[in-house]
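Please consider the sequence and the structure shown below.

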Amino acid sequence: MVSSPHEAMHRIFQEYPGLFSRVSEVLGIDIPPPTSATVLPNDLTENSPVERRVDTLLRIETQDDGPFLLAVEAQGKKDPRKTTSWPYYVSYLHNRYGALPVLLLVVCQDHTTAQWAATPITIGIPQWPTLTLNPLVAGPHNMPVITNVAEARKDLALATLAAITHADNPDVDAILKTLSAALRDVPETIAEPIAELTAQGLGNRPAAQQWRNLVAVDTSFYTSFMSEEIRDQGRAQSLLLILEARGITLTDELRQTITTCTDSHLLNQWLHRAATATAAEEVFTGQ
């Protein structure tokens with residue numbers, strides 16, 4: 001099952017295609033900023049039983065150097081299968097889109113995976129490599145640690161990706177406080193996707209709860225996805241406390257049902273039932 005950090009690490013480039021020019025600058029690659037970008041179908045499946053999909057595929061337009069294809073892969077751990085799938089992606093795209101150059105960017109959240117992903121993939125014999133793939137890798141080893149609010153405000157997309165790639169950094173508290181502060185007084189249409197992508201990128205790490213708390217305090221879009229999620233989590237925790245206080249035992253399955261529920265109406269309904277219930281069945285009957 002695809003994790004939320006995995007989704008955030010590549011989907012951020014769909015939301016902010018111009019981010020890649022800043023990332024390439026950080027990585028020491030001279031790629032001009034895009035004049036436009038188009039999200040392309042990510043399905044690389046041929047007429048065969050094997051389905052192949054790159055995480056995100058963009059056509060990037062530039063002012064002077066022409067267009068190119070950017071394939072973004074979010075990688076959470078080492079995966080030996082990528083030594084065959086990544087060259088396939090690049091070769092397929094080269095064949096499908098003809099003269100368009102193809103660039104593969106891999107985004108990671110830990111040093112070990114980033115080091116593995118950056119290793120060139122060679123196809124051929126030792127005496128004569130037929131094809132060598134050199135992935136461009138962004139991760140905690142080369143993404144900036146942004147703890148200056150003014151710097152974060154200069155490029156919120158880059159600050160978001162940096163926070164996601166440094167999710168396991170010991171200084172993640174300072175990184176998240178900086179990003180949260182940078183979102184103050186930012187229009188909701190800008191702040192909300194940033195807050196959501198950051199939450200996705202942090203996944204189930206302890207820092208995720210800190211981010212939710214920061215967003216609740218530092219930003220004003222209380223009807224947003226993030227604020228509603230915070231309220232739902234509060235309802236879920238209240239429900240668990242009430243059931244515990246009434247001596248009602250919950251199975252692991254029911255506990256998970258409560259903590260993962262995002263239906264505010266249903267959570268309120270359970271809370272009302274829990275106030276007088278003597279058994280779990282009385283709370284969740286019919287659900």
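Is Ser24 buried or exposed? The coordinates belong to a predicted model, in which local features need pLDDT of at least 70 and side-chain atom pairs count only at pLDDT 80 or more, whereas totals for chains, interfaces and linings use all residues. Residues are numbered from 1 along each chain as its sequence is written, and side-chain values use heavy atoms, with hydrogens and water left out. Ser24 has a relative accessible area of 0% and is therefore buried; the term denotes under 20% relative accessible area, with exposed meaning over 50% and partly exposed lying in between, for a 1.4 Å probe and protein chains only.

Ser24 belongs to helix α2. Helices (H or I, at least four residues) and strands (E, at least two) are DSSP runs numbered from the N terminus. Leaving aside neighbours within four places in sequence, Ser24 is in contact with Ile29 and Ile31, where contact means heavy atoms within 4.5 Å. After α2 comes Gly28, which has a positive phi near 80°.

Several of these residues also belong to the largest nonpolar core, which has 25 residues; Phe13, Leu19, Phe20, Val23, Leu70, Leu105 and Leu161 are those with the most contacts inside it. A nonpolar core is a set of buried Ala, Val, Leu, Ile, Met, Phe, Trp, Tyr and Cys residues joined through side-chain atoms within 4.5 Å. At least two residues of this core come from each of α1 (4-15), α2 (19-26), β2 (56-62), β3 (68-75), β4 (102-108), β7 (136-138) and α6 (156-165). A second, separate core comprises 24 residues, including Ala167, Ala191, Ala207 and Trp211. In soluble globular proteins, nonpolar side chains tend to be buried together. With neighbours within four places in sequence left aside, Leu19 is in contact with Ile12, Phe13, Ala157, Leu158 and Leu161.

How do α1 and α6 lie relative to each other, and what brings them together? Their axes come within 10 Å and cross at roughly 170°; axes are lines fitted to C-alpha atoms, for helices over the stretch in contact, and angles run from 0 to 180 degrees between N-to-C directions. The two helices, α1 and α6, are therefore roughly antiparallel. Angles under 35 degrees count as roughly parallel, over 145 as roughly antiparallel, 65 to 115 as roughly perpendicular, and the rest as oblique. Ala8, Met9, Ile12 and Phe13 in α1 meet Ala157, Thr160, Leu161 and Ile164 in α6.

Helix α6 also packs with α8, the axes coming within 9 Å and crossing at roughly 15°. That angle is why α6 is roughly parallel to α8. Leu156, Ala157, Thr160 and Ile164 of α6 make the contact with Ile190, Ile194, Leu197, Thr198 and Gly201 of α8.

A search of the whole structure finds 9 salt bridges, each a side-chain nitrogen of Lys or Arg within 4 Å of a carboxyl oxygen of Asp or Glu. Within α2, Arg22 and Glu25 lie 3 residues apart, about one turn of the helix, and their side chains meet in a salt bridge at 3.9 Å, N to O. Arg22 is partly exposed, with a relative accessible area of 29%, whereas Glu25 counts as exposed at 56%. Glu61 and Arg59 form another salt bridge, with the closest N and O atoms 2.5 Å apart; Arg59 is partly exposed, at 28% relative accessible area. In the salt bridge between Glu73 and Lys82, the closest N and O atoms are 3.0 Å apart, and both residues are buried. Salt bridges that share partners also join Arg11, Glu15 and Glu196 into one network.

Asp185 lies between α7 (172-182) and α8 (188-202) and has a positive phi of about 65° although it is not a glycine. Most residues other than glycine have a negative phi. Asp185 is exposed, with a relative accessible area of 79%.

Finally, Leu266 is located in helix α12 (residues 264-274) and is buried, with a relative accessible area of 16%. The C-alpha atoms of Leu266 and Trp211 are separated by 25 Å, the two residues being 55 residues apart along the chain.
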